[in-house]
Amino acid sequence: MKKPKRLSDVIYYVFVIGFSFLMLYPILWMFGSSLKPETEIFSNAISLIPIEVDWLNYPEGWAGFGGFGFDVYFKNSLFVTGSVVVGAILSSSIVAYGFARLRFRFKKVLFACLLSTVMLPMQITLIPQYILFQQFNWVNTFYPLIVPAFLGGTPFFIFLLIQFIRGIPRELDEAAIIDGCSTFGVFWRIILPLLKPALVTVAIFAFMWSWDDFLSPLIYLNSAEIHTISLGLRNFMDAEAGTSWGPLLAMSSLSLLPQLILFMFFQRYLVEGIATTGLK
Amino acid sequence: METVKSTEVTLTPEEKKRVRKKSWKESFTAYLVISPWLLGFFGLVIGPMIYSFYLSFTNYNMLTAPVWTGLSNYVKLFTNDPRFIQALKATFTFVVIAVPLKLAFSLFLALIFNAGKKGSGLFTTIYYIPSIIGGSVAIAVVWRQLFGRNGAVNSMLDSLGLSTISFFGEPNAAMSILVLLVVWQFGAPMIIFLAGLRQIPKDLYEAASVDGAGRIKQFFKITIPMLTPIIFFNLIMEMIGGFMTFTQAFLVTGGGPRDATLFYAVYLYEVAFEFLNMGYASAMAWVLLVIIGFFTLIIFKTSSLWVHYDSDGGK
């Protein structure tokens, strides 16, 4: 009876490991090729391991072109993404607390509005938002990328936190109110500390999406000195297509590094965050 | 009835007033608490939606005031804009191929991992990585290189003695590499499926196997029906995501060759931010909303036929 089980195990592991290799091949290929000298990227295109390791692609890419190096792009991306993470945590936690715990008129209607915006295609609001931000003179600043995060711009986060707060016993709030806590005090002293694991999920998602974002920077950021990584890579790709793939791949690898490191540390939160979305 | 009434507290008008006042105060605090979202909802969603609806009936280039032109934007879209029709065609083709493929893949692997063999956690994690970084410019760069004329895929074909493919020159090939890029990111729906599979009570399977139902019968009679709410959710989310695909098409194929991958979102971007034709682009955005709404509605309406919820009484 044991033999067929072992055979199915072998098939399982061969398939699962082989498939992992296919899934990771593009990413590994990028890191591998970023260490190849220019000619080898084409002559030895399939291989993941460079014949001759060439670190020069990194300093060459880092220097960028047209006077703007990747130090500028990294700094801009870190600033925008950091602000978005702070904004997402602040706004979505307090709003989720309101929806999960407080009573108010039109709550049902507003909650339905919140839910429907989770699925609303952003193309609908893209153009008028652009016109609005232009009227504020915010085009070519970081505000259009950051301010929406402070205004609950990602309803998915609010939704996630509402679900989480519903799991916190109400007795805790009531005890705190009897002890003289205000509505805001309950949020600050009771809910927020208990919300930490869910807030980590929100923070990680906010980081990943903001770091990857391409369309908003493309629309709003014109001057090169405020470009983010996404735009920096795009400029590089367009300006030097086919000529210096080595530095371009080196910078692409670097741009993914923060995300991959965060993913390694916090993958549990990301997986849980995704898993819970489909179940409610 | 009678006894219930007698225990009920009757409020004097004075007390009623006080309760109302209290609930008003409560509402006010609550509105203060949710005010960040309220501001965003009205300022960045509802207000812009109304404005873009108005703009869709105008001619507006951001330099001079919008000029009311009635339905002409909508009429032109469907009668006098071959690129728009092509964008619709390309987007439909993409959604119809990529979404079912992605869902089938994610379900298949979720089933494999649900067996709970050793190390499945590690592998689900690995398969999830592309979902996280797949939309980035870095991956678009990689795709451009991998499928380039002298890229890894063509050298592989070459070393196998097969003829190479001009992935960016052939309409079907260009579409295929975009489909591949999106299907490659099946990790997120896979994890949602996996969470759904874990919610199916084990005793259902035990009862079925006592009744003599085999693996395949169990799959079609238990697993699939129990999973339909999750299939439904994933289908809607992936469909909406598919219609809005932008970054990949914009960066990897640039909409080409010959507009073969001119996805709806790419064309909308061009019209709005390259040609500064804001009125026309707004009309496009509303057509997109109607299209997505239409398909979502169809999926919702037909869902009663194929989606089973627990409250159906274990149907």
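**Exercise 1.** In this predicted model, determine how closely the axes of α5(B) and helix α15 (residues 278-306) of chain B approach, and at what angle they cross.

*Solution.* The two axes, which are lines fitted to C-alpha atoms over the stretch in contact, with angles running from 0 to 180 degrees between N-to-C directions, come within 13 Å and cross at roughly 35 degrees. Contact, meaning heavy atoms within 4.5 Å, is made by Phe84(B), Leu88(B) and Phe92(B) of α5(B) with Met284(B), Val287(B), Ile291(B) and Phe295(B) of α15(B). By class, these residues are seven nonpolar, no polar and no charged, where Ala, Val, Leu, Ile, Met, Phe, Trp, Tyr, Cys and Pro count as nonpolar, Asp, Glu, Lys and Arg as charged, and the others, Gly among them, as polar.

**Exercise 2.** Work out which relative direction α11(B) and α12(B) take, and which residues meet.

*Solution.* Helix α11 (residues 202-210) of chain B packs against helix α12 (residues 215-243) of chain B at about 160 degrees, their axes being 11 Å apart. The pair is therefore roughly antiparallel, a term for angles over 145 degrees. From α11(B), Leu204(B), Tyr205(B), Ala208(B) and Ser209(B) meet Gln218(B), Ile222(B), Thr223(B) and Met226(B) of α12(B); this contact comprises five nonpolar, three polar and no charged residues.

**Conventions.** Residues are numbered from 1 along each chain as its sequence is written, while chains are lettered from A and ligands numbered from 1 in the order in which they are written. Local features need pLDDT of at least 70, side-chain atom pairs count only at pLDDT 80 or more, totals for chains, interfaces and linings use all residues, and side-chain values use heavy atoms, with hydrogens and water left out.

Conventions. Helix = DSSP H or I, 4+ residues; strand = E, 2+ residues; numbered from the N terminus. Parallel < 35°, antiparallel > 145°, perpendicular 65-115°, else oblique.
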